[in-house]
Amino acid sequence: MTLSDSSHGAARLDPAESVWMAMTNLPDEASATRVARAVLEARVAACVNRLAPCQSEYWWQGKLEQAQEWPLLIKTTQGQYATLEAVIRAEHPYDVPELIAWPLAAGLPAYLGWVRTEATGAAGQP
């Protein structure tokens with residue numbers, strides 16, 4: 001059983017099938033929409049939530065910065081992470097985009113199965 005499975009008798013899964021949550025932030029709504037669509041069209045995620053804008057404060061090139069950003073929560077699998085990273089690097093407007101990911105400890109088995117089914121990496125597939 002992987003971290004993404006509940007303890008309800010699920011069969012042991014390949015680690016590549018482990019469901020992960022990834023997060024990135026974008027500088028404006030248009031780029032958040034564009035990146036979310038690119039990730040979904042590449043089929044490296046089952047779902048992307050575009051969240052309400054937030055205020056971010058961070059160090060950049062030796063200066064304390066503040067900006068409004070649009071977070072994306074991305075549901076993917078461990079096996080699709082490298083391709084997800086490539087899509088975000090290609091589409092993201094920042095020089096060093098935030099992209100972090102973590103394995104899920106638990107979730108509704110049907111939902112986790114849906115993520116695995118949809119995040120296939122088979123771009124162009126309906």
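In the predicted model, Gln-61 is located in the loop that links β3 (54–60) to β4. This residue is not a glycine, yet its phi is positive, at about 50 degrees. Most residues other than glycine have a negative phi. With a relative accessibility of 65%, Gln-61 counts as exposed, because the cut-off for that class is over 50%.

A positive phi is also found at Arg-43, again a residue other than glycine, where the value is near 60 degrees. Arg-43 is placed in the loop between α1 and β2, just after the helix. The relative accessibility of Arg-43 is 11%, and the residue therefore counts as buried, the limit being under 20%. The side chain of Arg-43 is joined to that of Glu-118 by a polar contact of 2.7 Å.

The chain as a whole contains 3 helices and 5 strands. Read from the N terminus, the order of the elements is β-α-β-β-β-α-β-α. The chain has 126 residues, of which 37% count as buried. Among contacts with a separation of 6 or more, 73% are accounted for by residues 24 or more positions apart.

Helix α1 comprises 13 residues, 29–41. From its first C-alpha to its last, α1 reaches 18 Å, which is close to the 18 Å expected at 1.5 Å a residue. At the N-terminal end, α1 is capped by Asp-28, which has a side-chain oxygen 3.3 Å from the backbone nitrogen of Ala-30.

The buried residues of this helix are Ser-31, Ala-32, Val-35, Ala-36, Ala-38 and Val-39. Viewed down the axis of α1, these buried residues fall within an arc of 160 degrees, and so they line one face of the helix. The exposed residues Ala-30, Arg-37 and Glu-41 are carried on the face turned away from the buried side. The buried residues of α1 are covered by elements that include three strands, β1 (19–26), β2 (47–50) and β4 (63–77), and the helix α2 (81–91).

The packing of α1 against α2 was examined next. The two helices pack at an angle of about 145 degrees, and their axes are 10 Å apart. The crossing in which α1 passes α2 is right-handed. On the α1 side, the contact is made by Arg-34, Val-35, Ala-38 and Val-39. On the α2 side, the residues involved are Leu-84, Val-87, Ile-88 and Glu-91.

Key: Residues numbered from 1 in each chain as written. Predicted model: local features only at pLDDT ≥ 70, side-chain atom pairs only at ≥ 80, totals over all residues. Heavy atoms only, no water. Helix = DSSP H or I, 4+ residues; strand = E, 2+ residues; numbered from the N terminus. Expected span 1.5 Å × (residues − 1). Buried < 20%, exposed > 50% of the residue type's maximum accessible area, 1.4 Å probe, protein only. Arc of directions from axis to C-beta. Contact = heavy atoms within 4.5 Å. Polar contact = N/O pair within 3.5 Å; in protein donor to acceptor, adjacent residues only side chain to side chain. Axes fitted to C-alpha atoms, helices over the stretch in contact; angles between N-to-C directions. Left-handed = near helix turned anticlockwise from the far one by under 90°.
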